[in-house]
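Good morning, and thank you for joining.

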Amino acid sequence: MDSTVKGTGPFGLPGPPKRSERRIKGKPNGPGGFASLAAQVGEEILRYTMDWKNHYRENIIIPKLMGPVMIKSKEEKMIEAAFESCAFKSITACVVGYGLGAGLGLFSASLNPTITPDFGHQSARQVLQDMKVTTLSYAKNFAMIGMVFSAVECTIES
């Protein structure tokens, strides 16, 4: 081993050299040498990483690809997390499915009215009531299918 290595480590083996005894090959170890510069840089990095509580947003470097980049506030992050939750996605799919099902049910009921031969001619009230039943049936089915599909997809994804 090198004669500058002093101290003993575990099991009687030579330990690392003391800070004052460290040398970089071929370079002086004086006040302007590379070893003191490396120690200063190491201390700055340590201070920067260990003192993370006192950092401000101005220290963050964000690359700009397209347009200005804004850092999200806590409120924006909370709202975004709520919108990305499985419960919100399932409820949204249920409401949208209900609306689309109602539209499709109304269209289907207008094309295929159920006329019973027992009554002969149906009144407008009976036709509208039949359309209402068909529309609500389609709306409920689409709402449940949308909610179940969205809940299963979101649960698998997360």
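I shall speak about confidence, then a disulfide, then a threonine.

This is a predicted model, in which local features need pLDDT of at least 70 and side-chain atom pairs count only at pLDDT 80 or more, while totals for chains, interfaces and linings use all residues. Residues are numbered from 1 along each chain as its sequence is written, and side-chain values use heavy atoms, with hydrogens and water left out.

The protein chain has a mean pLDDT (the predictor's confidence in each residue, from 0 to 100) of 76, and 61% of its residues reach 70 or more. Helices here are DSSP runs of H or I, at least four residues, numbered from the N terminus.

The structure holds one disulfide, meaning a pair of cysteine sulfur atoms within 2.5 Å. Cys 86 is joined to Cys 154, S to S 2.1 Å. The partners sit 68 residues apart, in helix α3 and helix α4 respectively. The link is left-handed, with -85° about the S-S bond. Cys 154 is buried, at 4% relative accessibility (under 20% relative accessible area, with a 1.4 Å probe, protein chains only).

Which residues does Thr 135 contact, leaving aside its neighbours within four places in sequence? They are Gly 101, Ala 102, Gly 105 and Leu 106, contact meaning heavy atoms within 4.5 Å. Thr 135 belongs to helix α4, residues 124–157. A polar atom of its side chain lies 2.7 Å from the backbone oxygen of Met 131.

Methods. Helix = DSSP H or I, 4+ residues; strand = E, 2+ residues; numbered from the N terminus. Polar contact = N/O pair within 3.5 Å; in protein donor to acceptor, adjacent residues only side chain to side chain. Buried < 20%, exposed > 50% of the residue type's maximum accessible area, 1.4 Å probe, protein only.
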